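Hi everyone, thanks for coming.

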Amino acid sequence: MVHKKQNINIKNKRAYFDYEILEKFVAGIQLVGTEIKSIRNSKASIGEAYCRFTRHELYVVNMNISEYDFGNINNHEARRDRKLLLNKKELEKLQKKIKESGLTIIPLRLFLNDRGLAKIEIGLAKGKKTHDKRETLKAKDAKRDMDRAMKF
């Protein structure tokens, strides 16, 4: 059975607006059978998701992977906690940064790599204040206006 190359790239659009991303990591996700099929059908959402540590392991919480349409009684739970697969050094680094400076870890992008494995890009983030969000909007508007002016 030959699979055609699928370009699955599910983004968390609010992440860059609500947070200042300091560092990015790419992690694998521990999934059950029907979850990967739903991801391949683009039936996932990471809009409200965040990451947290439980006993020195990193889990993504509140990530929604819709139930697989053709699944049977063994179908997965849509919003269960899923373990992220990072190496020990990365986990220790993230845990240390979170404890010392009150940062948070949020998923930025869910994608399939060239081998067809589901990966998630997570970011070490610092929450933006309201005035920072306004600055972001101003910068985006200014860029749009400049691009429009350059077009003509």
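Okay, start with the second largest pocket: helix α4 gives the largest share of its lining, 4 residues. Helices here are DSSP runs of H or I with at least four residues, strands are E runs of at least two, and both are numbered from the N terminus.

Before I go on: this is a predicted model, where local features need pLDDT of at least 70, side-chain atom pairs count only at pLDDT 80 or more, and totals for chains, interfaces and linings use all residues. Residues are numbered from 1 along each chain as its sequence is written, and side-chain values use heavy atoms, leaving out hydrogens and water.

Back to the pocket. The lining is made of K13, Y16, F17, T136, L137, A139 and K140. Two or more of those come from each of α1 (13-18) and α4 (130-151). "Pocket" means an open set of points on a 1 Å grid over the protein atoms alone, where a 1.4 Å probe fits, with protein on both sides within 12 Å along at least five of seven lines; lining residues have an atom within 4 Å of a point. This one holds about 150 Å³, the volume being the space filled by probe spheres set on the points, which are joined across faces, edges and corners.

Now, which residue does the side chain of K24 join through a polar contact of 3.3 Å? That's Y16, one of the pocket-lining residues. A polar contact is a pair of N or O atoms within 3.5 Å; within protein, one must be able to donate a hydrogen and the other to accept it, and residues adjacent in sequence count only if both atoms are side-chain atoms.

K24 sits in strand β2 (residues 19-29). K24 counts as partly exposed because its relative accessibility is 44%; buried is under 20%, exposed over 50%, partly exposed in between, with a 1.4 Å probe and protein chains only. Beyond neighbours within four places in sequence, K24 touches Y16, L108, E121, I122 and G123, where contact means heavy atoms within 4.5 Å. Take I122: 98 residues away from K24 in sequence, but 5.7 Å away C-alpha to C-alpha.

β2 and β9 run antiparallel, joined by 9 bridges; strands pair if DSSP finds at least two bridges between them. V26 is opposite E121 in β9. Strand β9 (residues 118-127) is mostly covered, with 7 of its 10 residues buried.
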